[in-house]
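Trainee: I would like to learn how to read a few local features from coordinates. Can we go through them one at a time?

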Amino acid sequence: MSDAEAEATFRKVRWSDTDGAPVCPKCGGLDAYEARRPNGALRFRCKACKADFSITNGTLFASHKLPLRAYLAAIAIFCNEVKGKSMLALSRDLGLSYKAAFVLCHKMREAMATELKGRRIGGEGEEAEIDGGYFGGYVKPANFREDRKDRRLWKNQSGKRECVVIVRERDGKSVPAVFRTEGAALDWIKSRIKPGTIVNADEAPSWNDLHSKFEMRRINHEKAYSLDGACTNWAESYFSRLRRAEQGHHHHIAGAYLLRYAQEASWREDNRRMTNGDQVHTVAAHAMKAKPSVDFSGYWQRHLPAKSSAV
Ligand SMILES: [Zn+2]
């Protein structure tokens, strides 16, 4: 794709209401003209308020350094994957540094997560499933057998283990969140599932408290995976995707970023039947509608780990 084609594509997703004609982010004026920088980078100048702005000004890709077509290529490569993308592989695909690829992909995850904001699933007569999966805090077993500790015991764990909890409507959408334990997620679950929903859960006692709010169907996995309509298979397929992303692509997920990976898996799971072209368009459109990154603004300058904010 040429630079001009990439510019046209980004203009259309950014200013979809005006079919790609620039709208001043400062005053909303529609009368902007092209005033490129000396290096050829696209820039607009508003006739009304004289403000200069770029295509990505005020969006998730604000202050972009790479050519626009690199962003489109990155989104396409990222969406082509089924479970996730290794940042080392992406940096090689695009000729970027590892860190640039890492930040870029986290911005795409942030774009995907805008769909999850405030999402409530289920409704009268609908069925939803909940489940939790533990991630991170891996403790490596010692070399010699006699030195190995029982890693199931709390005192021998790293304290970094976290629980991804998913609520997912059958034949519908999902929302993940991260907690210390399944039990800590109950209030959040109640806020994300609409009243009247039938909730499927496994036999773990941590879910018992939900019986007061929802009609519950419990499935004992020691006996069966599905029985009398009760199952958590939709939730399990979400975890199989996230688990394979962790093991197959990322190998290690740092706690601060776990929520973003969980949101990425949720987006991939919900949109798995969407065509690749539509996926790329959707992610690009979310990125252009989102504000500059909450996770990564100033990340380069401050040498701080980014903080994933809960949605
Ligand atoms: Zn203006």
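Trainee: Which side chains does a polar contact of 2.9 Å join?

Mentor: A polar contact is a pair of N or O atoms within 3.5 Å. In this predicted model, the side chains of Glu127 and Asn200 make such a contact, at 2.9 Å. Glu127 belongs to strand β4, residues 127-135.

Trainee: Which residues does Glu127 touch, leaving out those up to four places away in sequence?

Mentor: Among them are Arg168, Arg170 and Arg217, along with Glu169 and Gly229. Asn200 is also in that list, as are Thr197 and Ile198.

Trainee: Where is Glu222, and is Glu222 buried or exposed?

Mentor: Exposed means over 50% relative accessible area. Glu222 has 74%, so Glu222 counts as exposed. Glu222 sits in the loop between β8 (215-219) and β9 (226-227). Its C-alpha atom is 9.1 Å from that of Glu203, 19 residues away along the chain.

Trainee: What are the protein donors of the zinc ion, and why is their arrangement tetrahedral?

Mentor: Four donors count as tetrahedral if all angles lie between 85 and 135 degrees. Here the SG atoms of Cys24, Cys27, Cys46 and Cys49 lie 2.2 to 2.3 Å from the zinc ion. The 4 donor atoms subtend angles of 105 to 114°, so the arrangement is tetrahedral.

Trainee: How are the donor residues spaced in sequence?

Mentor: The spacing is C-x2-C-x18-C-x2-C. Cys27 lies in the loop between α1 (3-14) and β1 (32-34), and Cys49 in the loop between β2 (44-46) and β3 (52-53), so the pair ties together parts 22 residues apart in sequence. Cys27 is partly exposed at 42% relative accessible area, and Cys49 is partly exposed at 30%.

Terms used:
Residues are numbered from 1 along each chain as its sequence is written. This is a predicted model: local features need pLDDT of at least 70, side-chain atom pairs count only at pLDDT 80 or more; totals for chains, interfaces and linings use all residues. Side-chain values use heavy atoms; hydrogens and water are left out. Donors are N, O and S atoms within 2.8 Å of the metal (3.2 Å for Na, K and Ca); water is not among the atoms, so sites may look incomplete. Four donors count as tetrahedral if all angles lie between 85 and 135 degrees; four count as square planar and six as octahedral if opposite donors are over 155 degrees apart and all others between 65 and 115; anything else is irregular. Helices (H or I, at least four residues) and strands (E, at least two) are DSSP runs, numbered from the N terminus. Buried means under 20% relative accessible area, exposed over 50%, partly exposed in between (1.4 Å probe, protein chains only). A polar contact is a pair of N or O atoms within 3.5 Å; within protein, one must be able to donate a hydrogen and the other to accept it, and residues adjacent in sequence count only if both atoms are side-chain atoms. Contact means heavy atoms within 4.5 Å.
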